[in-house]
Amino acid sequence: MRKPRDYDAELKALTDKARQLKTRKVSQLGELVNATGADALSAEVLAGALLDAATTTDAARKEAWRGRGAAFFSGQGKGARTGTGSEDRSNLGSAAAEPGSAQLPLGEPGAA
């Protein structure tokens, strides 16, 4: 006779695993914000940039962000952070009054 499955224990294990994954994802997002220098931005500016990235449908813009993100993760991103990234940050501050025009100084959205 087969041993019956303990569904409650399996469900608890899956719930614990999901909680660990979510905690790790949030932690990695915080590390990414710090590593890119985006922690210097106000929470409002950072949230606005992320909202713009999440809602943009411009494929070229997303590809540019992806490229900068890939360069950052491959170790070439240190120059991108202090080079064109500083221009993007200055544009981001001035674009706050113009909804939908903010440049995201991070890599690809959802990369965390």
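Which residue just after α1 takes a positive phi? In this predicted model, where local features need pLDDT of at least 70, side-chain atom pairs count only at pLDDT 80 or more, and totals for chains, interfaces and linings use all residues, that residue is G37, with a phi of about 85 degrees. Residues are numbered from 1 along each chain as its sequence is written, and side-chain values use heavy atoms, with hydrogens and water left out.

The overall picture is a helical one. The chain has five helices and zero strands, where helices (H or I, at least four residues) and strands (E, at least two) are DSSP runs numbered from the N terminus. Read from the N terminus on, the elements run α-α-α-α-α. Of the 112 residues, 24% count as buried; here buried means under 20% relative accessible area, exposed over 50%, and partly exposed in between (1.4 Å probe, protein chains only). The accessible surface of the chain comes to about 7900 Å², and 58% of this belongs to carbon and sulfur atoms, with areas taken from the Shrake-Rupley method with a 1.4 Å probe. Among contacts (heavy atoms within 4.5 Å) between residues at least 6 apart in sequence, 66% join residues at least 24 apart.

Helix α1 covers residues 7–36. At 1.5 Å a residue, its 30 residues should span 44 Å, and the end C-alpha atoms are 43 Å apart, which agrees; the expected span is 1.5 Å times one less than the number of residues. The buried residues of α1 are L32, V33 and T36.

Helix α2 can be treated in the same manner. Its 13 residues should span 18 Å at 1.5 Å a residue, in agreement with end C-alpha atoms that are 18 Å apart. L46, A49, D52 and A53 are buried in α2. These residues cover an arc of only 125 degrees around the axis, which puts them on the same side of α2; the arc is that of the directions from the helix axis to the C-beta atoms. On the face turned away from this buried side sit the exposed residues A43, E44, L51, A54 and T55.

Between α2 (43–55) and α3 lies a loop that contains T56. With a relative accessibility of 11%, T56 counts as buried. Leaving aside residues up to four places away in sequence, T56 touches R61, K62 and W65.

Within α3, R61, W65, R68, G69 and A71 are buried. Seen down the axis, these buried residues fall within an arc of 160 degrees, so they line one face of the helix. The face turned away from the buried side carries the exposed residues A59, A60 and F73. At the start of α3, a side-chain oxygen of D58 reaches to within 3.2 Å of the backbone nitrogen of A60. Just after α3, G75 takes a positive phi of about 100 degrees.

One aromatic pair is counted in the model, where rings of Phe, Tyr and Trp (its six-membered ring) pair if their centres lie within 6.5 Å, and planes under 30 degrees apart count as stacked, over 60 as edge-to-face and the rest as tilted. The rings of F72 and F73 have centres 5.5 Å apart and planes at 80 degrees, so the pair is edge-to-face. F72 counts as partly exposed at 22% relative accessibility, whereas F73 counts as exposed at 56%.

Key: Polar contact = N/O pair within 3.5 Å; in protein donor to acceptor, adjacent residues only side chain to side chain.
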